[in-house]
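Subject: Structure for you to look at

Hello,

I am passing a structure on to you, with some notes on what turned up in it. Please look through the sequence and the model before reading on.

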Amino acid sequence: YARISSDPDETRLGVERQIADCEALAARLGWPVAEVYVDNDLSAWSGKPRPAYRRLLDDLKEGFRDAVLVHHEDRLHRHPRELEEFIDVCDRAGVTALASATGEIDLATPDGRLKARMLGAVARNESDKASRRLRRKHAELAARGRLAGGGPRPFGFEDDRITLRPGEAAVVREVAVRVLAGDSLRSVCVDLGSRGVRTTKDNEWEPSGLKRLLMSARISGRREYGGEFFPAVWPPIIPPEQSDRLRR
């Protein structure tokens with residue numbers, strides 16, 4: 001099983017390195033590799049579904065697999081509760097072998113389970129510390145009105161996420177006035193579609209997406225964090241007062 005938390009460009013370099021190390025380990029142990037399970041760009045700490053991991057559990061339950069190889073135990077789990085589920089599945093299926101670059105773990109023995117649980121606790125602690133650091137970083141960025149993260153280009157802005165794109169900015173201003181005047185989100189979306197105005201992902205506008213745009217502090221030249229607003233490094237498309245009216 002291979003997993004990496006962040007691979008926004010989908011290069012798969014991280015998981016491919018894990019797979020190569022696991023295959024080399026399997027060769028040393030004399031274990032034939034029956035299947036490779038990969039969750040790329042998926043955090044185990046976030047709690048989001050991991051399709052390949054769930055498929056691995058299902059295959060263990062059905063008796064299709066009798067051992068698991070990982071680069072490190074924290075690739076499998078970042079939450080103790082997930083580790084306990086994994087141990088329970090292995091118990092019922094009679095699977096006792098878990099191997100990683102740090103050594104083999106015999107899940108059939110109390111000492112082996114203790115080692116797995118200790119490694120799981122360490123992994124959770126590292127995730128918690130990383131989360132605290134990330135929250136602090138984002139709080140500092142917000143207080144300075146700086147950019148944070150990537151993702152799709154925001155509507156109304158150029159690729160640098162700071163410079164206004166005049167044509168799209170004009171659409172934002174128009175839509176803000178119309179919605180405040182009583183036009184429904186759906187009717188505005190229909191009108192935008194008839195005029196060929198599309199989202200930055202080249203999709204037709206939907207009411208939910210238009211609502212997110214109009215609720216965004218970004219279009220008023222502000223950053224929102226923890227319920228507070230901070231002046232941003234990018235210029236506003238609409239005044240903060242108008243933005244507040246839209247949000248209300």
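Predicted model: local features only at pLDDT ≥ 70, side-chain atom pairs only at ≥ 80, totals over all residues.

**What was found**

Glu224 stands opposite Phe229 in strand β7.

**The chain as a whole**

The protein chain holds nine helices and seven strands. Of its 248 residues, 38% count as buried. If you look at contacts between residues at least 6 apart in sequence, 57% of them join residues at least 24 apart.

**Cysteines**

How many disulfides does a search of the whole structure find? The search finds zero. Cys90 has a relative accessibility of 2%, so Cys90 counts as buried, the cut-off being under 20%. Cys189 also counts as buried, because its relative accessibility is 7%.

**Helices α6 and α7**

Two packed helices are described by the angle between their axes and the distance between the axes. For helix α6 (residues 166-180) and helix α7 (residues 185-194), the axes come within 10 Å and cross at roughly 145°. The crossing of α6 past α7 is right-handed. On the α6 side, the contact is made by Val171, Glu174, Val175, Arg178 and Val179. On the α7 side, Leu185, Ser187, Val188, Asp191 and Leu192 take part. Sorted by class, the residues in this contact are six nonpolar, one polar and three charged.

**The loop between α5 and α6**

Pro154 is placed in the loop between α5 (110-143) and α6. Is Pro154 buried or exposed? Its relative accessible area is 12%, so Pro154 is buried. Leaving aside neighbours within four places in sequence, Pro154 is in contact with Arg161, Glu168, Thr200 and Arg218. Pro154 can also be set against Leu213: the two are 59 residues apart in sequence, and their C-alpha atoms are 8.7 Å apart in space.

Arg161, one of the contacts of Pro154, is in the loop between α5 and α6 as well. With a relative accessible area of 15%, Arg161 is buried, because buried means under 20%.

Most residues other than glycine have a negative phi. Which phi does Arg161 have? Arg161 has a positive phi of about 70°, although it is not a glycine. Arg12 is another residue other than glycine with a positive value, its phi being near 65°. Arg12 is found in the loop between β1 (2-4) and α1 (13-29). Arg12 has a relative accessible area of 33%, so it counts as partly exposed, a class that lies between under 20% and over 50%.

**Where to start**

Regards

How values were computed:
Residues numbered from 1 in each chain as written. Heavy atoms only, no water. Disulfide = S-S within 2.5 Å. Buried < 20%, exposed > 50% of the residue type's maximum accessible area, 1.4 Å probe, protein only. Pairing = 2+ DSSP bridges. Helix = DSSP H or I, 4+ residues; strand = E, 2+ residues; numbered from the N terminus. Axes fitted to C-alpha atoms, helices over the stretch in contact; angles between N-to-C directions. Left-handed = near helix turned anticlockwise from the far one by under 90°. Contact = heavy atoms within 4.5 Å. Nonpolar A, V, L, I, M, F, W, Y, C, P; charged D, E, K, R; others polar.
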